[in-house]
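Morning, everyone. Let's take a quick look at this one on the screen.

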Amino acid sequence: MSAEATDVIVVGGGLSGSAIAYTLAGKGAKVTVLEQGPWVESEDIPIDQPDWEFAITREWSFDPNVRDLPQDYPVVNDGYTPWMFNAVGGSTNHYGGFWHRLKPVDFRKGTEHGLEGTRDWPISYEDLAPYYDRADEAMGISGLPGDPAYPARSSTRLPPLRHARYYDLTAGALDRLGWHWWPADNAIISEDYNGRQGCNLCGYCDAGCPRHALSTGAHGFATEAARRGAEFITGARVTRIKTDAQGRADGVEYVDIADGSGHELEAPVVVLAANGVGSPRMLLLSTDSAHPDGLGNSHDQVGRYLHTHGYALADIWLEESTQHFKGPLGAAIYSQEFYDTDPDRGAVNGITLTFCASFGPGLISLGGITGQSAAPWGAAHHEAFENAFDHYLFCAVQAEDLPRPHNRVTLDTERRDGSGLAAPHVTYRLHENDRRLLEFGLDRVREVAGEMGARQIDVQTLDDAYSPPGWHPMGTCRMGEDPERSVTDPWHRVWDTPGLLVCDMSSFVTGGAGNPAASVAAMALRCADKLAADMGAGEHPEASPVAA
Ligand SMILES: Cc1cc2nc3c(=O)[nH]c(=O)nc-3n(C[C@H](O)[C@H](O)[C@H](O)COP(=O)(O)OP(=O)(O)OC[C@H]3O[C@@H](n4cnc5c(N)ncnc54)[C@H](O)[C@@H]3O)c2cc1C
């Protein structure tokens, strides 16, 4: 093994890791990002294959257990299958590009109800607000200013993406019901931006975007971070965070996935940005005599409080043309009429109703998102397909999920990845509160579908076999004020391991009822700003004002 040195090691070149490297490199620090996956090239993206709709069930699957590529690690699923993508840009390589902020109320759920493990965030919306703005500008966000459901913001947005007909039909129904609605903000550029081509509305963005109109962590941060001098070592799987005799983090060990060779890299600061599953896994794998149960785990907090977003899905079939095949999934319309806690619902927290489309002919034949109205094989197929295609939209009820201590990531005692490391074991059970929220949401979807004059609505069953989709595993290394109830302090510094930070989706304390990526990016920019100041890093001469 050869040991080399740098100023800061970032473990994981996903959304948060790239944002951290972008800021630190912009301030002149020597940053090395170790990412187990590759850079994704345009030609890797399967959108121009004849069976493009089904690539997400194979090599471009959301589920690492299905992809099973050399850079993936297996995840043992006990009640929840976390989805992710392992490459520069991380899971944003195939995300929907929904770009929600948390709201002021989301940072105070401990005070509001404190149910199960719920605590207040140690920071406020106002602490993150300037970083949300910077993230918007670096990434390139399209949207319509003025949503009354959110505080005003100063970042400029590109014009909203053009929307398909289903959007107007939904807006009409929501207007008649008198409910809030707004076009979703998107991490998809509606016009050319920072050298990238604007969206051509071809749709199906969660299979990736060969034009780079989808604002991923790679296009928003990593490319610019590399231009500013950050080094990205790809195909590099970190196997352990090293500590010195005083228990201080001083580097990492990693393997080159291509040839299996082992390496060491030293640095006075290590930032873990490996997501809500990868970061607790890495802490638990990194034991030493001062940390026999893993780094950050002196109070048995690592891996706990896993929360996600309960999603209940419904297919809505209309007589009218909906144009569901036009444009991005993310160019959706949402209602936050029921976002805040209302005790009359019999459950705390709230929901977002998002009405979307972006489905092609294959998935329509298979019956949409619930699969309940698949076109039959044989003679009746064409007629059924004609009736379904262009008459469809779906609604996702997105519910805030309670962070519970027993929902957690641990190390599996049997499964190992390709480098011989223990696989993460993910245990998750849906709380009755969260089930009630989803049922409440589905009743609201039925109301909207009724108002639209839908001829049919197929609703996902929330029986005991229900498990939420794995888009957003959050909270497993949560930040806090109390070392006994959290893994890091409010600046992402691991309580019991000097020199080590964790900043990614695992840092969430609660998740709100909106998608997390905007908050992941904002937290990462805030963390890196403070880290740079603590390191005494100066401004990089080539840094853009966005990095300051
Ligand atoms: C299918 C899908 C759709 C989504 N849609 C949306 C959406 O529309 N809007 C939204 O807000 N959010 C969405 N998300 C969530 C969003 O992608 C995440 O919030 C975001 O990517 C989290 O950033 P992160 O940095 O925490 O983790 P990631 O982006 O997942 O990055 C973690 C990186 O760490 C690397 N890594 C892990 N372990 C190691 C190791 N040992 N050594 C080296 N590298 C390692 C991984 O390879 C990965 O690249 C979606 C997620 C999925 C899976």
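How many residues surround the ligand, and which are the closest? This is a predicted model, to be clear. The count is 37, and the closest are Ser16, Glu35, Ser91, Phe98 and Ala517. By class, the shell divides into 19 nonpolar, 15 polar and 3 charged residues.

Where do they come from? Helix H1 (15-26), strand E3 (31-35), strand E7 (236-243), helix H7 and helix H11 (517-535) each supply at least two. E7 gives the most, with 3 residues.

Ser16 places a polar side-chain atom 2.6 Å from a ligand oxygen. The backbone takes part as well: a polar backbone atom of Val238 is 3.0 Å from a ligand nitrogen, and one of Met505 is 3.0 Å from a ligand oxygen. On its own the ligand has 1000 Å² of accessible area, and the protein covers 99% of that.

Next, the cores. The largest nonpolar core has 75 residues. Those with the most contacts inside it include Trp60, Ile316 and Val397. Among the elements giving it two or more residues are strands E11 (309-317), E13 (351-356) and E14 (392-400), plus helix H10 (432-451). Apart from that core lies another, of 67 residues, among them Ile123, Cys209, Ala273 and Phe508.

Take Val397. Beyond its sequence neighbours within four places, its contacts include Tyr311, Ile351, Leu353, Leu438 and Val445.

Last, backbone geometry. Most residues other than glycine have a negative phi. Leu201 has a positive phi of about 60°; it is in the loop between strand E5 (182-183) and helix H6 (217-227). Asp300 has one of about 55°, in the loop between H7 (275-285) and E11. Asp300 is partly exposed, at 35% relative accessible area.

Methods: Residues are numbered from 1 along each chain as its sequence is written. This is a predicted model: local features need pLDDT of at least 70, side-chain atom pairs count only at pLDDT 80 or more; totals for chains, interfaces and linings use all residues. Side-chain values use heavy atoms; hydrogens and water are left out. A nonpolar core is a set of buried Ala, Val, Leu, Ile, Met, Phe, Trp, Tyr and Cys residues joined through side-chain atoms within 4.5 Å. Buried means under 20% relative accessible area, exposed over 50%, partly exposed in between (1.4 Å probe, protein chains only). Helices (H or I, at least four residues) and strands (E, at least two) are DSSP runs, numbered from the N terminus. Contact means heavy atoms within 4.5 Å. A residue is near a molecule or strand if one of its heavy atoms lies within 4 Å of it. A polar contact is a pair of N or O atoms within 3.5 Å; within protein, one must be able to donate a hydrogen and the other to accept it, and residues adjacent in sequence count only if both atoms are side-chain atoms. Accessible areas come from the Shrake-Rupley method with a 1.4 Å probe; for residues, only the protein chains shown count as cover. Ala, Val, Leu, Ile, Met, Phe, Trp, Tyr, Cys and Pro count as nonpolar, Asp, Glu, Lys and Arg as charged, and the others, Gly among them, as polar.
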